[in-house]
Amino acid sequence: MKNTALHPNDGKLALAHIAVGYIALFLGAIAGLLQAFVRSGTLELPAGIGYYQLLTAHGVLLALVFTTFFIIGFLYASMSRTTGDLTPFAKKSAWIGFWLMTIGTAITTVMILLNKATVLYTFYAPLKASPWFYIGLTLVVVGSWVSGAGMFSQYAVWKKKNEGKPSPLLSFMAVATMILWIIATLGVAVTVLFQFIPWSFGLVDKINVLLSRTLFWYFGHPLVYFWLLPAYMCWYVIIPKIIGGKIFSDSLARLAFVLFVLFSIPVGFHHQILESGITPFWKFLQIVLTFMVIVPSLMTAFALFATFEISGREKGASGLFGWVKKLPWTDVRFFAPFMGMLVFIPGGAGGIINASNQMNQVVHNTLWVTGHFHLTVATTVALTFFGISYWLVPHLTGRTLTPRLNKLGIIQTVFWCIGMFLMSGAMHTVGLFGAPRRTAYTTYGDHPQALEWMSYQTIMAVGGAILFVAILMILYIVINLAVAAPKGTEEFPVGEVHEDAEKTPLLLENWKIWIGLSVVLIVIAYTVPVIDIIENAPSSPGFKFW
Amino acid sequence: MHLHRLEKVWLLIGIGTLVMFLTIVGISAFAQGHHPPSDLTTLDPQKVDTTEPFNQPGLKKIGDNEYELVIVSQAFAFMPNDIKIPEGAKVHIIVTSKDVVHGLEIVGTNVNMMVTPGHVNSLTHTFHKPGSYLIICNEYCGTGHQMMSTKIEVTKA
């Protein structure tokens, strides 16, 4: 595949998404920094700003806006790179999607800033926000669907032109990610459109709380895989090229993505393990399915380290671990995502603990959980997205990653890891002692059990401050790469499959089968409990406690 | 599809470990009764004050060092306040909410459950060690969430 720049129009499209993503990252990080200081008891917020208002902004801007915009930008860039210039339909869909999502984000953010939606990013009923908060979120989701339609059509057009050939791996993965996203967001769309919006406008008095929570978590868990899969795209396809190796196996990579589409959705109950109204049997069934989704991650770990070892040995490494020295440690395009991979080992292990049925009781709603997803999404995914930005942004703007910016990126990665080690480490530890998540500074009347937590909360603030410095560094680098770095051609690295790898079976691309199976699993896991919830769970009026 | 020999070993160990984990938590849950709190009882969330047993929140002795503790949670407090329990007491905790979703956690124990309006949640805990235990709400419920707490005093028998 030639290394030519994307068509300028496609580049502009990807860049617009990435720009909004980074603006959200900056705003969300400011909220995060302030929260860390409030929680440590060293700061009282001025001007009537609330801790929970900041927390809502932090969650929405980082977990929903930064991720979704960056991902869609990266997926479109990947499709344009591997299937050729975007078709007029794909381009139009992408821009309509972009504006819907941007307008939605703006409405939601304004509602949060006006203190009309201090319901956190999970917006659990019966806390009732302004209807415009929900409408804004709806626009973000609908916009992402329109973008998805554009990607699907781009993929279909390529398939038609290249009958009998497997699609380019990167595009296959982009399509799999959007399929997962669309199936998942159906749940949150149903609850927002049919429950939250009519209720918040006052058209109905009450809301079925358990149903809304169940539909939310039907979406809430695959959401984390929607964040993770683009990172896996980078690990599977981009990283092999950067280290001068080959993709271990095209078909196993595709199989891993198919397994994610199948198993990441019918698992939402593992976020509701301690909840009334759902029987232990259905909880356990979904926990078994949750464990199935660990398998493709194990496959991914194997494939990545196989790629590292094979490429190291092909470069002449000897001994059991000689290949480690052959990895390009000073290349930030490799180093940042690699640190993300390493962090995913404790991150994933923590996730297994969280999902382990009655074990969840030890950690549920404690700071342990906050520590967990600051490893997974806020380190593994975030560092990989930064790692992509180092080459994607200059590739799109016709500039180059200079040695100086590369070095700064390495320092940024180290700062991120140190800051996160302190913050997430303290969160995990104090969470095991019982300190609750999503809670402003309090000593509970100087209760001795709560006083034990204070020094950990101080460490969290120290870690948070280091992370904020790292945020400023990545913003400096990205802005530089966008407008100031020297002109030139930065490579969009796309790995090639190892010659020893097997031919890809076309079955893997038969989406009818995989989407069908996914629907079957969802129906098995959810039908009986959801009917039960609709029939039996009482509805509740709304409350505004902020 | 062909799998590399080492990949087969790796996946076998991985999947084997997962099966083992599931078996252990499954046996503990279904054979030994350590289910996570999953009470199926419901009530009208607007009539908590007139629905038994929540019309009389508090501690009731129901057997030899065995108690029923009925708790009503509402923004931003638990009823009753400041509970006294003798060491070694087996306590059946029953809780509901009068308004939004709360969480009930007794710090330093495995007592941790979601409290959803319209639903009752329950679990049983034996307090083996004397001391002051903090009960906190661990689900965001509004601007006063961080104040929502009470205490259990476990007294020496």
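How exposed is A:Glu309, and what is its relative accessible area? I come back to this residue in point 5, after some notes on the model as a whole.

1. A word on conventions. This is a predicted model, in which local features need pLDDT of at least 70 and side-chain atom pairs count only at pLDDT 80 or more, while totals for chains, interfaces and linings use all residues. Residues are numbered from 1 along each chain as its sequence is written, chains are lettered from A and ligands numbered from 1 in the order in which they are written, and side-chain values use heavy atoms, with hydrogens and water left out.

2. Because 27 of its 32 residues are buried, H5(A) is largely enclosed by the rest of the structure; buried means under 20% relative accessible area, exposed over 50%, and partly exposed in between, with a 1.4 Å probe and protein chains only. After the helix comes A:Gly202, with a positive phi near 85 degrees.

3. Next, the interface. Chain A gives 72 residues to the contact and chain B gives 65, where contact means heavy atoms within 4.5 Å. About 5,500 Å² is buried between the two chains, with 68% of that from carbon and sulfur atoms; this buried area is the accessible area (1.4 Å probe) that two parts lose on being put together, summed over both.

4. Between chain A and chain B there is 1 salt bridge, meaning a side-chain nitrogen of Lys or Arg within 4 Å of a carboxyl oxygen of Asp or Glu. It joins the side chains of B:Glu139 and A:Arg438, at 3.7 Å from N to O. Among the elements of chain A that give two or more residues to the side touching chain B are helices H6 (209-242), H7 (250-263) and H8 (280-292), and strand E2 (539-541). H8(A) provides the largest share of that side, 7 residues.

5. Now for helix H9 of chain A and the opening question. H9(A) has 21 residues and reaches 30 Å between its end C-alpha atoms, close to the 30 Å expected, and 15 of the 21 are buried. A:Glu309 is partly exposed, with a relative accessible area of 27%, and A:Arg313 is partly exposed too, at 34%. The two form a salt bridge, their closest N and O atoms being 2.7 Å apart. Being 4 residues apart in H9(A), they are separated by about one helical turn. Just after this helix, A:Gly316 takes a positive phi of about 100 degrees.

6. Finally, the other salt bridges. The count over all chains is 10. In one of them, A:Arg213 pairs with A:Glu275 at 2.7 Å between the closest N and O atoms. A:Arg213 lies in helix H6 of chain A and A:Glu275 in the loop between H7 and H8, so the pair ties together parts 62 residues apart in sequence. Both residues are buried. In chain B, B:Lys60 and B:Glu68 form a salt bridge with closest N and O atoms 3.9 Å apart.

Note on methods. The expected span of a helix is 1.5 Å times one less than its number of residues.
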